[in-house]
Amino acid sequence: MIQLLATHWDETHQLSALLNDCSYLLQQLGVTQIEHSFKEGNACADRLANMGLQMEIGIHVLVNMPSCISIQLRADAQRVSYLRLMYSTSY
């Protein structure tokens, strides 16, 4: 997504509606730079994405914060750190 947003996409691109929405929201928020964050650095988004994978396809509105997110926010406030394991393929 970061690479796509940094380029000028064709309106026929399959993600053009999503890219247009993202671009508009970024402009409204005054965001000038986007950087990748590993899931360990954005555990709330990672948990929401995993939760979404288990839902039926469609639009879902969360009226209340899921308990897994409130738990993660508390961990973030307490500066809990996470290890990122990297596997080497070289011998």
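Biologist: Is Glu11 buried or exposed?

Modeller: Glu11 counts as exposed, with a relative accessibility of 53%, where exposed means over 50% relative accessible area, buried under 20% and partly exposed in between, using a 1.4 Å probe and protein chains only. Bear in mind that this is a predicted model, in which local features need pLDDT of at least 70, side-chain atom pairs count only at pLDDT 80 or more, and totals for chains, interfaces and linings use all residues. Residues are numbered from 1 along each chain as its sequence is written, and side-chain values use heavy atoms, with hydrogens and water left out.

Biologist: Where is Glu11 placed, and which residues is Glu11 in contact with, leaving aside neighbours within four places in sequence?

Modeller: Glu11 sits in the loop between helix H1 (2–5) and H2, helices being DSSP runs of H or I with at least four residues, numbered from the N terminus. With those neighbours set aside, its contacts are Ser16 and Asn20, a contact being heavy atoms within 4.5 Å.

Biologist: Changing topic, how many helices and strands are in the protein chain?

Modeller: The protein chain has 4 helices and 0 strands. Its radius of gyration, taken over C-alpha atoms, is 17 Å, well over the 12 Å that the globule rule (2.2 Å times the number of residues to the power 0.38) gives for 91 residues, so the chain is more spread out than a compact globule.

Biologist: What share counts as buried?

Modeller: Of the 91 residues, 10% count as buried.

Key
Helices (H or I, at least four residues) and strands (E, at least two) are DSSP runs, numbered from the N terminus.
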